[in-house]
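Please go through this structure with an eye to confidence, salt bridges, backbone geometry and surface. A short report is wanted.

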Amino acid sequence: MRASRLLSVLLLLQSHGRLTAAQLADRLAVSPRTIYRDVESLHAAGIPLYGEAGHAGGYQLIDGWRTRLTGLTADEADRLFLAGLPGPADELGYGDVVAALQLKLHAALPAPLRDRAARLQQRFHLDTPGWYADGDASPELARTAEAVWRQHRVEVRYRGWNGEVTRVLEPYGLVLKGGRWYVVADQPGRGSPATYRVNQILALTPLPQEFDRPADFDLPTWWRAHVVRFRAQLHRDEATVRLSPAGRQRLREIGSDPVVTAVDASAGPPDARGWVTAVLPIESLTHAHGDLLRLGADVEVLTPVALRERLAATAAGLAALYRPD
């Protein structure tokens, strides 16, 4: 652990030029006192670095000196694709490995390219979760990732649509979609992979049996096809509605792309108040009821009658609840 930190100190100084003990301590999550001891150890090992006191001071390597200890370990090479995703890497339990990998990649670049990389990092940032959620809290995510990597079967207790089930799975891969982790897995002998929300795994037991991942299984290709199938099956019904100008604009903000596209394609000419009649796809009466309530009095459902009656009952209940005494 200490040897790894000493190397990190060297790589940080090589990448940034001059850093104070406090800055080094902050980046390495240790105390400044620990940094002082590390610097003394580097001095004793003959590393040519020096420190300057004062407001503009800090530690710095002698100009022109560079460490050659920038080769990647096997773990770092394995996690190379996560170098630009520190948040998901940390969720998977690879945070320390990816942090060391980023340091080595940065330190290995020539100075001009290192400056460009730093500039890019300050101008572009990927934040995977949605606006109203921090992503999944998935206690079993790290162990799921380990099973994916080692190709080991797992027994899971899973909370599905119809309650809890216990299954043996062969996990082929993990996918991060909209801040949520999904594991693509098959059941032994079934030959038809499915997706499982990782945060719905209530308990996971690694099994000693390894499995053979199909040689022709390509995770990105399978996932793209799965998304197409999912979207095709999602909206199995439709509703005819009237939308005010404000409701139509609000629908663009909260509706999915298929819903917005369908409304644009089916909307008739506006009436004297600017309202339009359109047909929008719905997943179910329950989902449509919740979604359309978000539009308030800027939408009127014409059909199906059952959905119109549900919304009318909700509106009557709200009116009674907020009626002045």
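The report below takes these topics in turn.

## Confidence

This is a predicted model. The chain has a mean pLDDT of 81. Of its residues, 74% reach 70 or more.

Helix α4, residues 74-78, has the lowest confidence, with a mean of 52. The highest is in β11, at 96.

The structure holds 10 salt bridges. Two of them involve Asp264. In one, Asp264 pairs with Arg248, and the closest N and O atoms are 3.2 Å apart. Asp264 sits in helix α11 (residues 257-266) and Arg248 in helix α10 (residues 245-254), so this pair ties together parts that are 16 residues apart in sequence.

In the other, Asp264 pairs with Arg252, with the closest N and O atoms 2.9 Å apart. This pair also links distant parts of the chain: Arg252 is in helix α10, Asp264 is in helix α11, and they are 12 residues apart.

How accessible are these residues? Asp264 has a relative accessible area of 35%, so it counts as partly exposed. Arg248 is partly exposed at 23% relative accessibility. Arg252 is partly exposed too, with a relative accessible area of 40%.

## Other salt bridges

Arg242, Asp271, Glu300 and Arg308 belong to one network, joined by salt bridges that share partners. Glu164 and Arg157 also meet through their side chains in a salt bridge, at 3.2 Å from N to O. Arg157 is partly exposed, with a relative accessible area of 35%.

## Backbone geometry

Most residues other than glycine have a negative phi, and most peptide bonds are trans. Which positions depart from this pattern here?

Ala29 is one of them. Its phi is near 60 degrees, a positive value in a residue other than glycine. Ala29 lies in the loop between α2 (21-28) and α3 (32-44). Its relative accessible area is 71%, so Ala29 is exposed. The cut-off for exposed is over 50%.

Gln151 is another. Its phi is positive, at about 55 degrees, although Gln151 is not a glycine. Gln151 lies in the loop between α8 (141-150) and β4 (152-160). With a relative accessible area of 28%, Gln151 is partly exposed.

There is also a cis peptide bond. It runs from Thr303 to Pro304, with omega near 0 degrees. Pro304 lies in the loop between β11 (299-303) and α13. Strand β11 is also where confidence is highest.

## A nonpolar surface patch

Which residues form a nonpolar patch on the surface? They are Leu318, Leu321 and Tyr322. Together they have about 380 Å² of accessible area.

Leu318 lies in helix α13, which covers residues 305-321. Leu318 is partly exposed, with a relative accessible area of 42%. A patch residue needs over 30% relative accessible area, so at 42% Leu318 passes that cut-off.

How values were computed:
Residues numbered from 1 in each chain as written. Predicted model: local features only at pLDDT ≥ 70, side-chain atom pairs only at ≥ 80, totals over all residues. Heavy atoms only, no water. Patch = residues over 30% accessible without salt bridge, like charges linked within 9 Å, V, L, I, M, F, W, Y side chains within 5 Å. Areas by Shrake-Rupley, 256 points an atom, 1.4 Å probe, with all protein chains shown as cover. Salt bridge = Lys/Arg side-chain N within 4 Å of Asp/Glu carboxyl O. Helix = DSSP H or I, 4+ residues; strand = E, 2+ residues; numbered from the N terminus. Buried < 20%, exposed > 50% of the residue type's maximum accessible area, 1.4 Å probe, protein only. pLDDT = per-residue confidence, 0-100.
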